[in-house]
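Welcome, and thanks for taking a look at this one with me. Below are some notes to read alongside the model, point by point.

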Amino acid sequence: MDNLNMTIDPSCLREAPLAVDVIKQLDVFGIILYSCLTLMAAVSLLVYLEECVYVYKKVPSPKKTTIIWVIGAAPVIATMSCLGLWIPKAIMFTEMTSSSYFAIVVYKFLILMLEECGGDEEFLRRCGKGRFRISTGPCCCCCPCLPRVPVTRRMLTILKFGSLQFALLKTVFCIICIVLWTNGNFDLTDLGITGTAIWINPFVGILTIIALWPVAIMFMHVRNILRSQKIIPKYAMYQLVLVLSQLQTAIINILALNGSIACAPPFSSQVRGSLMSQQLLILEMFIITLVNRLLFRRHYDPLPAADQHEKDNAENATIILHRESGDNMA
């Protein structure tokens, strides 16, 4: 075993290098790669700021605040990934910042669907006679026998709270992890039964599933109503950010912990896996930011009336009454 250990580069067993060490080891290809990815992150942030100005001027409150939160997911993740790319020691902090922001976006997207319907009162007026289908992902997609629940104000509050808890608790757990890390009690690579990561991460995963369920329930209920508002591609972009920022990152980190990603001095296997994840995220979030610009930077027309025939009948009745009044006067 001693002879085997001698063949391992000592750099592969070290912690993440400093930003200066990263810059020193860059070759021509590395300089071009890092420059392009940094440019993509900067463009994503600028596009987002331009969208914020447009939405702030053109969209009434409170919808504009919700939209600004939702479209900020991709550029925030790209910016944090860029910081983690240049400063590997800060990767844990940048990933936690991105995940905390996206936890808020999960709740905000649920609110966005309600505001696209005209708010809570308008949603209840339109859909009060309907029923929510709860046999949907990620919790109950395999249970089509589950009964549909009525659309009530109480049920709407439960759905909101189901997503809001993730936004609050995810941020709390991120703060706890940072505090434990400063005391040397939190290590993502420590998967032993006595490690804190093995207890915190599964619990956060359960909170994530619980939070995604109400959003899926609401989307399945309003997707036809909000088809004119392009809610389907908006939901697709939201889901894509979820998969890429959470699932993709988790898979790469697991492969790195198992040693499937080779060490490349001065980067250990775990650090190199994290850097690969950051590079992919910058490119992916850049594309998603551009797509979101096409979806959200538009003229926001009010949703058509809930019952167009009812509106037409009311107008026809008014015309008939005017005619009858005119005939009586004659």
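**Notes for a new reader**

1. Helices here are DSSP runs of H or I with at least four residues, strands are runs of E with at least two, and both are numbered from the N terminus. With a relative accessible area of 2%, Ile288 is buried (buried means under 20% relative accessible area, exposed over 50%, and partly exposed in between, using a 1.4 Å probe and protein chains only). Not counting residues up to four places away in sequence, Ile288 touches Ala74, Met237, Leu240, Val241 and Leu244; contact here means heavy atoms within 4.5 Å. Ile288 and Tyr238 are 50 residues apart in sequence, yet their C-alpha atoms are 9.3 Å apart in space.

2. A word on the source. This is a predicted model, in which local features need pLDDT of at least 70 and side-chain atom pairs count only at pLDDT 80 or more, while totals for chains, interfaces and linings use all residues. Residues are numbered from 1 along each chain as its sequence is written, and side-chain values use heavy atoms, with hydrogens and water left out.

3. Now for the overall picture. The protein chain has 12 helices and two strands, and along the sequence they follow the pattern α-α-α-α-α-α-α-β-β-α-α-α-α-α. Of the 330 residues in the protein chain, 42% are buried. Taking contacts between residues at least 6 apart in sequence, 77% join residues at least 24 apart. The protein chain exposes about 18,100 Å², with carbon and sulfur atoms supplying 66% of that area; accessible areas come from the Shrake-Rupley method with a 1.4 Å probe, and for residues only the protein chains shown count as cover.

4. How do helix 8 and helix 9 cross, and at roughly what angle? The axes of helix 8 (residues 153-182) and helix 9 (residues 197-222) come within 9 Å and cross at roughly 155°. Axes are lines fitted to C-alpha atoms, for helices over the stretch in contact, with angles from 0 to 180 degrees between N-to-C directions. That angle makes helix 8 roughly antiparallel to helix 9 (under 35 degrees counts as roughly parallel, over 145 as roughly antiparallel, 65 to 115 as roughly perpendicular, and the rest as oblique).

5. Who meets whom in this pair? The helix 8 side of the contact includes Leu156, Leu159, Phe166, Leu169 and Phe173, and the helix 9 side includes Ile200, Phe203, Val204, Leu207 and Ile210. By class, the contact of helix 8 with helix 9 has 17 nonpolar, four polar and one charged residues. Here Ala, Val, Leu, Ile, Met, Phe, Trp, Tyr, Cys and Pro count as nonpolar, Asp, Glu, Lys and Arg as charged, and the others, Gly among them, as polar.

6. Helix 4 deserves a look of its own. Seven of its nine residues are buried, so helix 4 is largely enclosed by the rest of the structure. The buried ones are Lys63, Lys64, Thr66, Ile67, Ile68, Val70 and Ile71. These buried residues of helix 4 pack against helix 3, helix 5 (73-86), helix 6 (91-116) and helix 11 (269-296).

7. Helix 4 and helix 5 make another pair to inspect. Their axes come within 4 Å and cross at roughly 40°, which makes helix 4 oblique to helix 5. Trp69, Val70 and Ile71 in helix 4 meet Ala73, Ala74 and Pro75 in helix 5. The residues of this contact divide into six nonpolar, no polar and no charged.

8. Two backbone details are worth checking. Most residues other than glycine have a negative phi, and most peptide bonds are trans. The peptide bond from Ser61 to Pro62 is cis, with omega near -5°, and Pro62 sits in the loop between helix 3 (28-58) and helix 4 (63-71). Lys230, a residue other than glycine, has a positive phi near 60°. Lys230 is found in the loop between helix 9 and helix 10 (231-257) and counts as partly exposed at 37% relative accessibility.

9. Is Thr249 buried or exposed? Thr249, in helix 10, counts as buried at 8% relative accessibility. Leaving aside neighbours within four places in sequence, Thr249 is in contact with Glu95, Leu244, Ser277 and Leu281.
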